[in-house]
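Dear colleague,

I am passing on the structure that we spoke about, and below it you will find an account of what came out of the analysis. Please have the model open while you read.

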Amino acid sequence: MHSPLVNGGPADPIARRRTFAIISHPDAGKTTLTEKLLLFGGAIQLAGEVKAKRNRVQTRSDWMGIERERGISVVTSVMTFEYGGCVFNLLDTPGHEDFSEDTYRTLTAVDAAVMVIDAAKGIEARTRKLFEVCRLRDIPIVTFVNKLDRESRDPFDLLDEIEKTLALDTAPINWPIGAGKSFAGTYTFGTKTVRRIADDETMTVSGAEDSAVAALLPAHEAGAWQEEAMLAEAALKPFDLAAFREGHLTPVFFGSALRNFGIRELIDAMAAYAPSPRGQEADKRTVEADEPKMTGFVFKIQANMDPNHRDRIAFMRVCSGRLTRGMKAKLVRTGKAISLNAPQFFFAQDRTVADEAYAGDVVGIPNHGTLRIGDTLTEGEDIVFRGVPSFAPEILRRISIKDAMKAKKLREALEQLAEEGVVQLFIPNDGSGAIVGVVGALQLDVLIERLKTEYGLDAAYETTRFSVCRWVSADDKAELDKFATANNSAMAADLDGAPVFMASSPFSLRYDEERWPTIRFSDVKDYQ
Ligand code: GDP
């Protein structure tokens, strides 16, 4: 896979950008692959920090400690490195499943994704879920089948599983030569080359049938391999750039992150084929990446290390124009101007470019709660970027505090933490206590801990009869009002005041959906 970009690369800063994330099931090898990609890009000092992260076992009990070390997670939220003339922005997606909302939102800020699959396991639950989020925006996916140095499933079987479970066409770029103990390397169809794992050297062969390939395998495996590889070459789909860019086809690479094998092919493919920053849809129009004026949206908020100062870092994806240190930008939600005095850039390597960022880049903007998830910043235009979604929580709890005098303080704290995306907040229409919603149970612990340490509030949960909720809307406002009145005790308003219906079980929700055909019940909400 050779590309004109790999030697030298385009001069245009936007065409050079590749902003992507890695999606995978825990343990498939995301951290190892990240490390290897960074080593390739020369960002070695960062690779060490990724490693440090891996050694921490993310269990419930030590999560708080981990979060206190946010210095590292801020750094690893965005990892920028240069390779093959391209500037890669690798956006980290938290590994723990309880952080799934953060992960989903991060995926709204990327233009491509690398899907890592464990060759022994195939498509696992979380990979599938994350893939579905990518599909919402038709994000192009490059697949890396990892751990070929271990016993693996049959490659045909793996490709078939990707096609069937994800409804995604596959185009294998290379083919593993053996697996586990006999893993000898990969054969690349297009170039008729073999890369050997023993010495990482490449040799050109006449084709899969070349006896030089068979010679790499134990005698009893060679014949079957030849047959299989020739069948794969003849029968499988060739790589189609347009279908890849539209999110319908994934090129597939086989390798081993741990053995640093197959990474070069993967990153070359990202440089050559992954899209540069694409146009982003806003409410009034699509904003193209090469427009001169700066625009961007906030997809993640991270509380800073010091709990005594309510500092937060808002991560903004630049969508167009050029962001420079000190520039003024309009926060569209409030109409106010904010100064980008101390944006943090993540170009670890080259300080000379650290004062400006382009479409596709991510900058960290320190602020004291001015910025929220989903916020749009512009040079004056009133547009709002779409597509930082909120997902209906899977767990609902009523939250209360013993000291009634502190009810107002609790409400304020909950609003702030909801703006940060720690929990979702629902204020019941009937005046009863606030309800919080989370995707994973760990978030509940985090909320109580943060209320205590940062706000001095001793809050506790009470059960509520509600277990599911949906945003409700209707074409006819009178219908929605009728529904809300009839269900007053099950209605609430979210942080933006949008109406939410809560039900005691998925079963009763279905019942209400059938009873009210004019009402839309949605489990995803775009911010704003
Ligand atoms: P993550 O949870 O997806 O970030 O996975 P890690 O990168 O932490 O990897 C999980 C485990 O699999 C670790 O013990 C890695 O050393 C191991 N691992 C990752 N890649 C490979 C590989 O290519 N071959 C083998 N044998 N082990 C691997």
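Asp200 has its place in the loop between strand S9 (193–196) and strand S10 (202–204), where helices (H or I, at least four residues) and strands (E, at least two) are DSSP runs numbered from the N terminus. This is a predicted model, in which local features need pLDDT of at least 70 and side-chain atom pairs count only at pLDDT 80 or more, while totals for chains, interfaces and linings use all residues. Residues are numbered from 1 along each chain as its sequence is written.

Asp200 is not a glycine, yet has a positive phi of about 60°. Most residues other than glycine have a negative phi. Asp200 is exposed, with 12 other C-beta atoms within 10 Å; the terms used here are buried for 20 or more other C-beta atoms within 10 Å of a residue's own, exposed for 12 or fewer, and partly exposed in between, with C-beta atoms placed from the backbone. Lys147, in the loop between S5 and H8, also shows a positive phi, of about 70°, although it is not a glycine, but Lys147 counts as buried because it has 26 C-beta neighbours inside 10 Å.

**The seven-stranded sheet**

An open sheet of seven strands, with mixed pairing, has the order S2-S3-S1-S4-S5-S11-S6, two strands being paired if DSSP finds at least two bridges between them. Strand S2 (78–83) and strand S6 (169–172) stand at the edges with a single partner strand each, so one side of each has no neighbour in the sheet. From one strand to the next the twist averages 30°. S2 pairs with strand S3 (residues 86–91) in the antiparallel sense over six bridges, and Thr80 stands opposite Asn89 in S3.

Helix H7 (residues 125–136) lies across strand S1 (17–24), strand S4 (112–118) and strand S5 (141–146), and runs at about 145° to S1; axes are lines fitted to C-alpha atoms, for helices over the stretch in contact, and angles run from 0 to 180 degrees between N-to-C directions. Two residues are in contact if their C-beta atoms, placed from the backbone, lie within 7 Å. Helix H8 (residues 155–166) lies across S4, S5, S6 and strand S11 (249–254), at about 150° to S6.

Nine of the nine residues of strand S15 (residues 312–320) are buried, so S15 is largely enclosed by the rest of the structure. Strand S14 (residues 295–303) runs antiparallel to S15 and is joined to it by eight bridges, with Met316 in S15 as the bridge partner of Val298. S15 also pairs with strand S20 (residues 362–367) in the antiparallel sense, over six bridges, and there Ala314 stands opposite Ile365.

The largest nonpolar core has 101 residues, of which Ala113 and Met316 touch the most other members; such a core is a set of buried Ala, Val, Leu, Ile, Met, Phe, Trp, Tyr and Cys residues joined through C-beta atoms within 7 Å. Apart from this core lies another, of 33 residues, among them Leu414, Val438, Leu451 and Cys469.

**Overall figures**

The protein has 16 helices and 31 strands, and buried residues make up 43% of its 528 residues.

With best wishes
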